[in-house]
Amino acid sequence: MKKEIRTNDGAAPVGAYSQGLVVGDFVYTSGAGPLDPVTGEVVGDDVAAQTHQTMKNLGAVLAAHGLGFDDVVKATVHLQHLKRDFAAYNEVYKSYFSQPFPVRTTVGSDLMDILVEIDFVAHKSA
């Protein structure tokens with residue numbers, strides 16, 4: 001059974017997808033980018049600023065189901081410029097977590113007008 005997560009505190013979907021889904025004890029987020037939840041505009045001109053906004057958007061989806069960054073078990077990250085931006089993105093990303101960090105895959109991708117997109121799998125303990 002699936003339950004949709006919706007929040008106005010995170011960026012609204014720009015296509016046919018949910019911000020997040022609850023399936024059993026797991027929460028799956030859609031790929032989120034650096035969009036302002038109010039204006040829908042891209043926030044930031046560099047990967048650090050865009051990563052902060054992306055993490056805020058994902059944090060809002062997690063919070064809408066009573067979860068936080070400590071509940072994240074897996075992250076998938078897409079960077080427009082993998083070699084150029086990895087170090088700056090990684091500094092921001094790791095500031096949202098404590099050890100042990102979630103498992104993660106980071107790849108270079110052709111993104112539309114943004115520098116970073118991230119999705120999470122989180123687990124809610126009983």
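Mentor: The answer below begins with the overall fold and then turns to the aromatic pairs. The model is predicted, so local features need pLDDT of at least 70 and side-chain atom pairs count only at pLDDT 80 or more, whereas totals for chains, interfaces and linings use all residues. Residues are numbered from 1 along each chain as its sequence is written, and side-chain values use heavy atoms, with hydrogens and water left out.

The protein contains two helices and six strands, where helices (H or I, at least four residues) and strands (E, at least two) are DSSP runs numbered from the N terminus. Along the sequence, their pattern is β-β-β-α-β-α-β-β. Of the 126 residues, 40% count as buried; buried means under 20% relative accessible area, exposed over 50%, and partly exposed in between, with a 1.4 Å probe and protein chains only.

Concerning the aromatic side chains, a search of the whole structure finds eight pairs. Rings of Phe, Tyr and Trp (its six-membered ring) pair if their centres lie within 6.5 Å; planes under 30 degrees apart count as stacked, over 60 as edge-to-face and the rest as tilted. One of these pairs joins Phe 69 and Phe 97 in an edge-to-face arrangement, at 5.7 Å centre to centre and with 85° between the planes. Because Phe 69 lies in the loop between α1 and β4, and Phe 97 in the loop between α2 (82-94) and β5 (103-108), this pair ties together parts that are 28 residues apart in sequence. Phe 69 is buried, with a relative accessible area of 17%, and Phe 97 is buried as well, at 9% relative accessibility.

Another pair is formed by Tyr 89 and Tyr 93, which is tilted: the centres are 5.8 Å apart and the planes make 50°. Both residues lie in helix α2, four residues apart, about one turn of the helix. Tyr 89 and Tyr 93 are both buried. The residues of the two pairs belong to one aromatic cluster, formed by Phe 69, Phe 86, Tyr 89, Tyr 93, Tyr 96, Phe 97 and Phe 120.

The loop that holds Phe 69 also contains His 65, between α1 (47-63) and β4 (72-79). His 65 counts as buried, at 18% relative accessibility. Leaving aside residues up to four places away in sequence, His 65 touches Lys 3, Ile 5, Val 22, Val 27 and Lys 124, a contact being heavy atoms within 4.5 Å.
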